[in-house]
Amino acid sequence: RVVEGGVLVGKAGRMGSASCPIPPASTSGRRTRWRLPCPCVPIGRTRAHSNANQESGGELALARIPYHDYRPERYDEIFRDKVREIEESFGSMLSGVEVTAQASAPTHFRLRCRFAVSASVDRDTGETRLVHTLFDRGADRVEVSSFPIASRQINDLMPRLMRHLEGLEGEAAAQVRDGLDAVHYLGTMRGRDVVVTLIYGRPIQGEGWKREATKLAEELGVSVVGRSKGVKLVAGRDYVVERMAVGGRDVTWKQVEGSFSNPNGGICKDTMDHICELCEQISSREGREGDLLDLYCGNGNYTVPLSRLFGRVLSVEINDRLVEAARENMEQNGVDNVTLVRSDCLKFSAGLRARAGPEHKCASRFDFSTILVDPPRAGLDPNTLEVASRFRNVLYISCNADTLRTCLRALLRTHDLRSFRVFDHFPYTKYSECVVHLERKEAGGRANRV
């Protein structure tokens with residue numbers, strides 16, 4: 001997460017500190033004079049900025065956030081250092097394998113961003129403004145007038161959204177602005193599709209909120225989602241549609257607001273292209289009749305382009321919304337050789353390891369050659385590691401080099417490391433993604449049955 005919480009104009013109590021409550025907007029048509037909620041550190045001015053000043057303000061804000069080392073003029077050096085640290089940490093496990101790396105764009109690469117929202121007093125005019133803020137635990141809020149790691153599309157929307165909210169009066173302000181804690185943005189590479197999610201610390205009303213949110217959506221040219229405890233309302237739609245060429249094929253897929261999606265669209269495409277290339281090599285060497293087991297498949301963004309490279313695919317995902325999105329994405333792209341299973345991957349792997357239960361019965365219909373795993377930061381559990389060790393080819397996508405190192409050490413007992421590539425999905429942080437290909441030492445013959 002970029003932000004853990006936030007405060008904005010709203011009703012007294014949760015929205016403001018005890019010493020500085022914030023009254024709700026007047027319903028009589030008059031503008032209410034706002035008071036400053038919790039402390040934030042202003043960076044530049046929000047209104048009437050030049051693009052250069054906005055960019056500078058965003059850089060200054062990022063410099064105050066300890067989990068970002070935002071220095072775009074030194075990006076190549078920072079990424080080289082990150083890759084070198086990964087190589088050193090794996091040591092002899094990488095013997096005989098060239099580690100390759102894929103850099104990100106140094107700016108405007110994030111398609112998914114989260115901000116707290118605060119009220120801030122302009123030091124020059126004394127006016128109260130609504131601002132996006134970032135903060136780390138225990139630190140002051142930092143006002144940002146732009147966010148240079150976010151897409152240009154999101155940067156364009158940020159001041160427009162704040163101006164619209166500032167201009168609301170009466171019932172419109174009470175429905176859409178009051179009680180707002182945070183704002184989330186979800187965009188696409190093509191820049192034609194955005195969902196803005198408004199997070200509230202008070203209950204939101206169905207018809208009234210939707211009426212005013214629809215006006216906001218139409219003015220900004222976006223979809224708007226409202227969330228409060230136990231409630232989700234939508235003006236427009238709650239997803240974006242991404243389109244890009246992957247592995248020589250045009251693919252389209254839905255990314256649902258509030259569900260996992262890769263925030264760095266450019267590097268996501270590079271990763272998909274690389275995995276398609278690895279699978280093309282496997283298919284050309286072993287024949288397309290081999291099948292693929294795809295664990296933690298998410299919304300199917302890897303499954304869809306890989307489906308053409310295998311006879312059949314068995315994909316597993318636990319999240320209901322991602323399963324539904326994956327199903328729609330396969331239909332949209334004309335994919336008909338994938339069996340999609342909603343299941344906890346830990347439970348599914350336990351069934352495969354025991355060669356018992358509905359999981360084993362389902363998998364026994366396939367003639368697998370390859371397993372693709374894309375687990376969370378915790379890495380693979382012992383059951384999944386044991387199941388993976390039975391496969392001729394293992395493709396492992398990891399967002400945590402520490403847990404990958406532990407898993408790789410186990411898999412190298414049965415497999416040889418064939419390739420290792422680092423992708424900078426998260427520039428200016430300590431995190432990255434690694435994609436490794438392992439081939440079973442006694443590879444050859446028929447595809448593995450699990």
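Biologist: By class, how many nonpolar, polar and charged residues are in the lining of the second largest cavity?
Modeller: Five nonpolar, three polar and one charged. Nonpolar means Ala, Val, Leu, Ile, Met, Phe, Trp, Tyr, Cys and Pro; charged means Asp, Glu, Lys and Arg; the others, Gly among them, are polar. This is a predicted model: local features need pLDDT of at least 70, side-chain atom pairs 80 or more, while totals for chains, interfaces and linings use all residues. Numbering starts from 1 along each chain as its sequence is written, and side-chain values use heavy atoms, without hydrogens or water.

Biologist: Which residues line the second largest cavity?
Modeller: Leu 111, Met 189, Glu 242, Met 244, Trp 253, Gln 255, Asn 262, Gly 265 and Cys 268. On a 1 Å grid over protein atoms alone, a 1.4 Å probe fits in a cavity but cannot get out; lining residues have an atom within 4 Å of a point.

Biologist: And which elements each supply at least two residues of that lining?
Modeller: Strand S10 (239–246), strand S11 (249–256) and helix H6 (265–286). Those are DSSP runs numbered from the N terminus: H or I of at least four residues for helices, E of at least two for strands.

Biologist: What is the volume of the second largest cavity?
Modeller: About 50 Å³. Volume is the space filled by probe spheres on the points, joined across faces, edges and corners. The whole structure has three cavities of 30 Å³ or more.

Biologist: Next, H4 and H5. At what angle do their axes cross?
Modeller: Roughly 95°, with the axes of H4 (170–177) and H5 (206–220) coming within 9 Å. So H4 is roughly perpendicular to H5 (65 to 115 degrees; under 35 is roughly parallel, over 145 roughly antiparallel, the rest oblique). Axes are fitted to C-alpha atoms, for helices over the stretch in contact, and angles run from 0 to 180 degrees between N-to-C directions.

Biologist: Which residues of H4 meet H5?
Modeller: Glu 171, Ala 172, Gln 175 and Val 176. Their partners in H5 are Gly 208, Trp 209, Arg 211, Glu 212, Ala 213 and Leu 216. Contact means heavy atoms within 4.5 Å.

Biologist: What's the strand order in the open sheet of eight strands?
Modeller: S2-S17-S18-S16-S15-S12-S13-S14, with mixed pairing. Pairing needs at least two DSSP bridges. The edge strands are S2 (99–102) and S14 (338–342).

Biologist: In what sense do S2 and S17 pair?
Modeller: Parallel, over four bridges. Ala 101 has Val 422 of S17 as its bridge partner.

Key:
On a 1 Å grid over the protein atoms alone, a cavity is a set of points where a 1.4 Å probe fits but cannot get out, and a pocket is an open set with protein on both sides within 12 Å along at least five of seven lines; lining residues have an atom within 4 Å of a point.
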